[in-house]
Structures are given as structure tokens and as C-alpha cells.
Amino acid sequence: MWTRDAVLALAPDAGSVSAAAKLVGSVSADGCDDGAVWGLCAGSGKTPYQTVVDLTGPAYKCSCPSRKFPCKHALALLLRWSAGDVPVAERADFTTTWLEGRAAKKETPAPAERTPDPAAAAKRSERRAERVGTGLGELDVWLTDQVRTGLAGAAQAGYAYGAATAARMVDAQAPGVASALRRLPRAVVSGEGWTGRLLTDLALLRLLVAAHARLEDLTEDEAAVVRAHVGYPVRAEDVLASEPLRDHWAVTGVRDVVADNLTARRVWLRGRRTGHAALVLTFTPSGQSPDTSLPAGTVVDADLHFHPGTPELRAVVGTRYAAPVALTDLAPGSARDAVGEFQRAVSLDPWTRHWPVVVSGLVPVAVPAAAGPGFALTGPDGTLPVDVGGADVWRLLAVSGGHPVTVAGELGDRGLRPTGVLGGGPGDRRWVTL
């Protein structure tokens, strides 16, 4: 059973959340089993809409005309189910028909792929490397100019700082570098001490340029890290061909970043058996619903295949062995361990900005700050400042009630940005998304 927060995290927009909450009472929850939940929902006509949710996806089917996935009817049905108001029953005919159709599509063999031409692939790779090398050479000149002429121009440019150079990196087929350049204005407009933060970002770009120039001297893992940050593509098929790591993966956070008409969804996971951290990153064109197959606050029994490089973090989901279940516990972790994880990640990949961690036994508190109330997580083994950007800290304080809690989040140089917290007593542990 999923929590209410896990269901609402599937919503494509805020309007769907509001509409679904109003429809809960009009959903006739016919039944559910281990793999699906189904029901009828009254609409504007005489015939109610037939709604089915495949919990193993999740995937959704509704006879309503909405183009949103999940639609408000599917969300309303899941809200009833998460509240325990849907009985276990035999599948309705419309449910069986749709699920069998999905199963048949999965079993249909994929069309035979054309045998790739190794020589052509090598030429394409060589041409791309030449374009990237030329582009990074131009970036090196630009970086030198920033230090030589000073940063006064950055303050004047504001949010436009680095935009032209970022566009050039796109042309040079270095999208990762372009993204890093587009983030530079955040430091420029970040207030007191911005020059130091901007210089740090510029230095990391210079390090990336220098590392790319020495790819042949690096180890295989080191070179893979550099290529990833530059933006060299890695085929999903190649990643899926790597050795899988099976675990019960707790989905501890979901973050959406919208840029360049794309929604980048970052899903943080942690293996309950291995303690391994993972990031599943997907991109969705503007106007389409992001991937909802990994709802926050759930646990998925699945294989993960990791991209090359160390530390292993970015992953692709392989075989799933069961439908997601509600997240009710996490292995404990200390503040000291969390800082150690982040330090190790940075030592292996100096361009690491955030690392997913879990800390337990810490109490969220307000602390004095020059620019208003600040927050921290404090306990016997240490204190972690809270990075309030994008997190509902007041909700965290409310869930805690002044008591120690288990918090998951992204640890960076500004502190921990919480993504979720386990609330409730020992017998009623529930995940709350922040």
C-alpha cells in the first residue's frame, strides 16, 4: 500500500491534485489485488469512466478523454486505495482485458536491430571528440579572460552571464558543460560572498577542460567521469548490459528541474540491503508528464544497472520483481557517516554537487541567522545545516515535533536539502515528502 504523499507525487500538475481530491467520493472502488487497482468514476455523462492502475508500472488506463497521465480519476482511485478503502477482489473484465493486452505487448519480440557498423561508429566518435576538443579549447580562453579581466562584468551581466559561451558548447556537442555554464548566474546573484562561489564554479570548469585534454592518461573510471560531465552520450542498452545490482530500492526523493523545454526528473534511491545510493535521471519534453514509475515514498524490488565511472551513482532500472510498496523504514545513518559519504564522492568525482544521504536520530531546529531564521539537524554525533532551497522545512519541523527523526536528502556544500522524512510512531511509520 502506498502513502497519500506517494500517490500525490504521481500527479502531473497541481491542478490534478486538487481535482482528484474532489473526486475521491465519486469513485466506486471495485477492487484491487497485488498487481492492480480498478474502479468506476462518475463523469459528466451517464456512463462512468473505467479506470485501472497497473501497480507494477505504474501505468494507467481510463476511458475519460483526458490526455494527462495519470488523470484525475486514476489519482482519485489511488487516493482511496492508499486510505485502505478498496477491497481485495477478482478483477473486473475491463481490468483483465487491458492488463492482458499490456502483457502481450511486453512479450512481442522487438524488431531486429540493424547491425551497427563499427568503422562508421568510430568515425562518428572521432568527429565528436574533435568538436568537443575545439569547443573546450574556446572555453579555456573564455575562462582565462574571466580571471584576467576580473568579475565585474559578471555582476553586470547577471542572469545572462555565460549564456553565449553555453550556446557555443551546445554547438560543440558538450551539453554537460553547457549546463554547468547556465548554472553560473546562480552564484552571481547569490548575495554576499558571490565572487568566491563563482570562482569555485569557474575553477571546476577549468579542471574539467584540463582533465578532458588528458583523457588518455586517466584510468577507465576517471575518464568515464570526465566524459559524463562533458556530456558524452551513453546508450541505455550498453548500461543495461552491465552487471545488475538487485535490492529493495527505497525512493527517498524526487526533484524536477525545468530548462530548455525539458523537465529533468532526478530520483534518489537507496538500497535497503546494500546501502548503495543511486540516481535515476529522466528527461521529458515540455508539456508531457515526467516519468512516474518511481514514486517518492515507495520501495521497489528491482535490478539497477549503473553507468560507468566512480562513484557509481547514475543508474537505469532493469527488471522489476514486484509492485512498489510503501516505504516505512530506512537503515539508520549518522551525520558523520553522511559527511563521509559526500567527501568520498567528491574525492572520486570533484564535480559532485549533491550526494543522497540518510541521517537518523537528529532533531530539526531553528538557529539564528543574519538573513532570517536558519535551520539545522542536530544530534549527539554532530550537526548538519539545512539547505532550505526547494524543501518544506516547516513541514519537517511539524513532523518531528521536537523529536529525533530519520531524514533523507541531498547533501551539498551548503548543507542537507531534505527530500523526505519518516514520521509517526514505531507501529505506524509513514513517509512524508518535503
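1. A search of the whole structure finds 17 salt bridges, a salt bridge being a side-chain nitrogen of Lys or Arg within 4 Å of a carboxyl oxygen of Asp or Glu. This is a predicted model, in which local features need pLDDT of at least 70 and side-chain atom pairs count only at pLDDT 80 or more, while totals for chains, interfaces and linings use all residues. Residues are numbered from 1 along each chain as its sequence is written, and side-chain values use heavy atoms, with hydrogens and water left out.

2. Arginine 91 pairs with aspartate 33 in a salt bridge, with 2.6 Å between the closest N and O atoms. The two residues lie 58 residues apart and link distant parts of the chain: arginine 91 is in the loop between α3 and α4, aspartate 33 in the loop between β1 and β2. (Helices, H or I of at least four residues, and strands, E of at least two, are DSSP runs numbered from the N terminus.)

3. Arginine 91 has 36% relative accessibility and therefore counts as partly exposed; the cut-offs are under 20% relative accessible area for buried, over 50% for exposed and partly exposed in between (1.4 Å probe, protein chains only). Aspartate 33, at 22%, is likewise partly exposed.

4. Aspartate 217 forms a salt bridge with arginine 214, the closest N and O atoms being 3.8 Å apart. Here aspartate 217 is exposed at 58%, whereas arginine 214 is partly exposed at 45%.

5. Arg255, Asp387, Glu410 and Arg417 are joined in a network of salt bridges.
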